[in-house]
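User: I'd like to learn how to read packing and pockets in a model like this one. Could you walk me through it, starting with what counts as touching?

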Amino acid sequence: MPDQTLIPPQELFDRLGSAGAPRIIDARIEEDLAADPRRVPAALNRPGLAAADWAAEFAGEEVVVYCERGLKISQGAAAWLRHSGARAMVLEGGFQGWISAGLPLVAQDHLPPRDAQGRTLWVTRARPKVDRLACPWLIRRFVDPSAVFLYVAASEVAAVAERFGAAAFDIDGAFWGHRGERCTFDTLVEELGLATPALDRLATVVRGADTGRPELAAESAGLRAACLGLSRRHADDLAQLDAAMALYDAFYLWARDAAGETQGRPRAVQEIRDAQ
C-alpha cells in the first residue's frame, strides 16, 4: 500500500498553478539553502528544526514539506504540522528528488526582500489589463502565494518601489519589464527559471494579447477580450486581480493539456487537438 504521507515530485508539480494547490514549505537547513538557494515553485521558507514554533500557522491546510533529501527534517516537520492540525505530506526524495525529476526551480536572485510577514511586495501601474494581471498570477501561483501587489499612478511606480521596498514591474526601465518584442510575463518566466512547455505556451498567448499581436496564438484575442471585460466590470484593481486569478488558472490548465504536460488527463489533450 502506498505511503499516504509521501507525495512524488511529479504529482506535486501537476497540482501547481491553481488555487487548490497545497502550501509548500522549504525546511532545509541553512547550509543546504546557501549551497542552492533556489526553491520548489511556490515554496515558503521555514526552519525545519523549529517546526514546533510555526506549525500552528498552517492548521487546517494541506501542506507539503521538504528538506534536502526528504528524510528526518521533513519527516519531523510534517509530524509537527499534523500535530498542529495540518494535513501534511513529505516531498518524496526532498529537494534532490525534485531536481532528479527535472522539474523547475525558482531562482531567488532578483526577487524583492520579504517583509516581516514573509511576503514579497510588487508595484505597477493602476488599471491593469493583460500583463499586469498575468504577472501577479504567475508570482502567486509559482513564487510567493502571499505576494502583495500595489497598483499606483504610473508616475509614482518607481518612487513607491524605492520607498516601500517593492519590485516594480511592467513599467519602462524596470528589470521586470518588456524586453524587445517579449512582454513582462516572458521576462518573469525566463528569469525565474520557470520555463516549461505549458508556461511557454501560455506566455505566447499572453504576449499576443498584451502586445496587440493576436496572430501569435489563436487564444490571444480571447484572453485580451476577457481581461478588458474584467477591467470594465471592476473599478477596484485588486478586485479585478482576484477575478483574473481564476481566468489565468483556467488558461494555464488548458495550456498544460494542450502541451501534453499533465499526467492522467489524455482525453483533454485529445479534445484540444481535435478542436484545432
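Analyst: Contact means heavy atoms within 4.5 Å. This is a predicted model, where local features need pLDDT of at least 70 and side-chain atom pairs count only at pLDDT 80 or more, while totals for chains, interfaces and linings use all residues. Residues are numbered from 1 along each chain as its sequence is written, and side-chain values use heavy atoms, with hydrogens and water left out.

User: Leaving aside neighbours within four places in sequence, which residues is W137 in contact with?

Analyst: They are G17, F142, F185, L199, L202, M245, Y248, D249 and Y252.

User: How many residues are in the largest nonpolar core?

Analyst: A nonpolar core is a set of buried Ala, Val, Leu, Ile, Met, Phe, Trp, Tyr and Cys residues joined through side-chain atoms within 4.5 Å. Buried means under 20% relative accessible area, with exposed over 50% and partly exposed in between (1.4 Å probe, protein chains only). Here the largest core has 60 residues, and W137, F185, L223 and Y248 have the most contacts inside it. Helix α11 (residues 237–258) gives the largest share of this core, ten residues. Helices (H or I, at least four residues) and strands (E, at least two) are DSSP runs, numbered from the N terminus. Apart from that core lies another, of 17 residues, including A51, V65, A78 and L81.

User: Is helix α8 mostly covered or exposed?

Analyst: Mostly covered: six of the eight residues in α8 (residues 184–191) are buried. Those are T184, F185, D186, T187, L188 and V189, and their cover includes α6 and α9 (197–210). Just after α8, G193 takes a positive phi of about 75°.

User: What volume does the largest pocket have?

Analyst: Rolling a probe the size of a water molecule over the atoms shows where empty space is left. On a 1 Å grid over the protein atoms alone, a pocket is an open set of points where a 1.4 Å probe fits, with protein on both sides within 12 Å along at least five of seven lines; lining residues have an atom within 4 Å of a point. Grid points are joined across faces, edges and corners, and a volume is the space filled by probe spheres set on the points. The largest one comes out at about 190 Å³. Its lining has 13 residues, with S18, A21, R23, R140 and P145 closest to the centre. Both β2 (23–26) and α6 (131–142) supply at least two lining residues each.

User: And how much of the whole protein is buried?

Analyst: Buried residues make up 50% of the 276.
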